[in-house]
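Take a look at the model below. The text that follows walks through a few of its parts.

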Amino acid sequence: MSSTMQNLIYNLTTSPEQRYLDAATRETVCTDLEKLLVEEKFHPWQERERLRAIFSKHAIAIGEKAEERLWDESSFRNFIRATHPASTIPEPHIQLLWRCFSFYARHPFPIQFEENTITLSQFQRGVLLTAYQCDAYLGTRDGLQYYARDDGVEHARRAGFARLFSSIAGSAVATLETQEQKADAFGAAVEDCMDVLAMLGPQRIHHSPSTQTLKAAAQRLCGEDGMQHAVCRSSSVEREQLSLLLDLLLRLRLGDKMWGLGALSTGCFADTGDAGMVKALGDYLAGSDEGRKITVKKMSQVEKQLPNLMLRFQQLWQVLFQPPQTQSTTTVEATEDAGMSAALSLFAPEIDPDITRKSDRDRGTRLVLQEAGSQSQSGSISRRLAQALTNPESSYVVVFSTGPNVTPRIVNGAYVPAPSSPPTVGTQTFFQLQPTFRQLRWRKGGTSLFDSIKAAGPDDALHWIGDGTGLGAGLRVDSAANTITLSYSAESSFVEVVGFGGEGEPGESWEVTIHDPRLYFYIVK
């Protein structure tokens with residue numbers, strides 16, 4: 001049978017979707033993905049041209065043609081150093097950020113080479129998936145309108161966190177990994193490729209390719225043959241890499257202005273970090289062993305404990321790529337309250353995970369903690385709380401800390417949602433930020449913070465924020481003794497201990513008391 005006849009029969013008996021997958025190469029997949037994201041999300045065009053100009057300014061030339069210009073680590077470093085001194089983003093952090101950015105730039109085929117360079121096309125893909133938050137659209141169909149999978153929202157969150165931690169990990173080539181770890185990493189890469197393939201090609205209603213069809217095509221594209229290397233990504237993250245990321249996120253300070261059609265954040269980075277907060281969060285996620293490695297598969301579960309971490313990560317890239325006219329030229333000090341706000345923004349309250357995927361721009365994706373009324377550090381605790389309360393319908397975060405000369409530093413607090421808050425953000429959360437990071441979610445509900453403080457009675461009256469019986473979770477306010485105590489009772493079935501990696505068992509009851517506490521009080525905007 002002639003090849004012409006074979007092609008005719010193939011075209012008559014094979015769906016357009018299958019023909020697209022059969023013909024797909026890594027080059028066509030990357031080109032089609034970039035085209036889709038650029039057309040749908042890379043707006044306004046002035047920003048597109050500005051970012052292309054950034055690439056050209058710092059690119060290295062390997063030929064005379066424009067397409068022969070590349071970015072390497074030195075290009076990225078020069079770009080960062082043009083606006084951020086070494087005091088705000090030290091050299092180890094730049095190396096981490098470059099490894100991270102080049103991972104996203106090559107998505108969904110993050111091949112690792114000794115000569116780590118990216119093209120303009122890959123640069124644009126990296127900006128779109130990080131700063132423009134297009135990572136949340138991976139796995140959607142019909143012009144980014146809906147997820148291809150039935151569990152699309154949950155899968156997208158889990159896969160997004162896995163990509164985040166894979167991006168900061170070191171080279172899988174240089175890491176001794178077991179066959180099981182390699183299989184897990186390759187499986188995650190195949191799933192990422194399947195999500196991208198679902199977005200591309202013909203988008204006919206009721207004709208989506210089956211999971212088996214997408215998987216077969218993705219395995220072919222990600223695998224190794226005589227013409228291509230297999231997709232290679234790390235399966236584990238070192239504690240040092242995790243600490244560098246946390247340090248950057250805690251240094252991040254968001255500004256009031258926005259860019260990119262008013263949807264992307266501006267800001268800057270503090271001159272110094274908060275080593276104590278970094279250690280507390282690092283211990284929570286990876287244990288106290290500084291040399292420990294933790295698998296990407298396990299780290300991706302952090303979306304349940306630090307649900308806003310992905311958003312904070314994307315805001316970091318928005319600040320790095322913000323227009324020059326929105327950048328701050330003044331040095332930002334790492335004040336105590338600002339560092340605590342940065343840590344709080346990782347988990348309380350939880351941002352609706354579907355907001356970042358919305359095409360409309362009228363729903364914010366920022367958690368703003370605004371100082372509430374007086375922040376006086378004198379007077380009784382109850383009186384200071386009462387002075388700060390201004391609106392009974394607001395959500396509040398109240399934080400208590402030991403004084404500046406007390407070691408070890410202790411930071412306790414609570415997020416108390418407004419009575420009208422939706423269930424997704426309506427759970428009272430009690431926390432300890434330092435020296436140990438802990439979260440307690442009080443599922444039973446309770447009196448609003450406004451009513452709790454106003455009903456406290458005399459300044460020296462003992463009262464509670466949270467469970468007033470002492471058999472759940474709450475903050476015991478003792479103005480007479482000038483103490484604040486974070487209390488947890490293992491006997492209550494209404495308290496969720498938000499541990500990590502199976503470490504959230506009830507355990508034993510405990511209390512942590514702060515004497516002569518400093519108060520920081522915020523309204524959640």
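In this predicted model, helix 6 and helix 7 are roughly perpendicular to each other. Their axes cross at roughly 105 degrees, and angles from 65 to 115 degrees count as roughly perpendicular. The axes come within 7 Å. Helix 7 covers residues 120-129.

Which residues make the contact? Helix 6 brings F101, Y104 and A105. Helix 7 brings Q122, F123, R125, G126, V127 and L129. By type, the residues of this contact divide into six nonpolar, two polar and one charged.

Now turn to L97. This residue lies in helix 6, which spans residues 91-105. Is L97 buried or exposed? Its relative accessible area is 3%. Buried means under 20%, so L97 is buried. Leaving aside neighbours within four places in sequence, L97 is in contact with F76, I89, L248, L316, W317 and L320. F76 is 21 residues away from L97 along the chain, and their C-alpha atoms are separated by 8.9 Å.

Next comes the nonpolar interior. In soluble globular proteins, nonpolar side chains tend to be buried together. Here the largest nonpolar core has 114 residues. W71, F123, Y132, F165, W317, F321 and L433 touch the most other members. Helix 6 gives the most to this core, with nine residues.

Not counting residues up to four places away in sequence, F321 touches R50, L51, F79, F101, F123, V127, A131 and W259.

Methods
Residues numbered from 1 in each chain as written. Predicted model: local features only at pLDDT ≥ 70, side-chain atom pairs only at ≥ 80, totals over all residues. Heavy atoms only, no water. Helix = DSSP H or I, 4+ residues; strand = E, 2+ residues; numbered from the N terminus. Buried < 20%, exposed > 50% of the residue type's maximum accessible area, 1.4 Å probe, protein only. Contact = heavy atoms within 4.5 Å. Axes fitted to C-alpha atoms, helices over the stretch in contact; angles between N-to-C directions. Parallel < 35°, antiparallel > 145°, perpendicular 65-115°, else oblique. Nonpolar A, V, L, I, M, F, W, Y, C, P; charged D, E, K, R; others polar. Core = buried A, V, L, I, M, F, W, Y, C linked by side-chain atoms within 4.5 Å.
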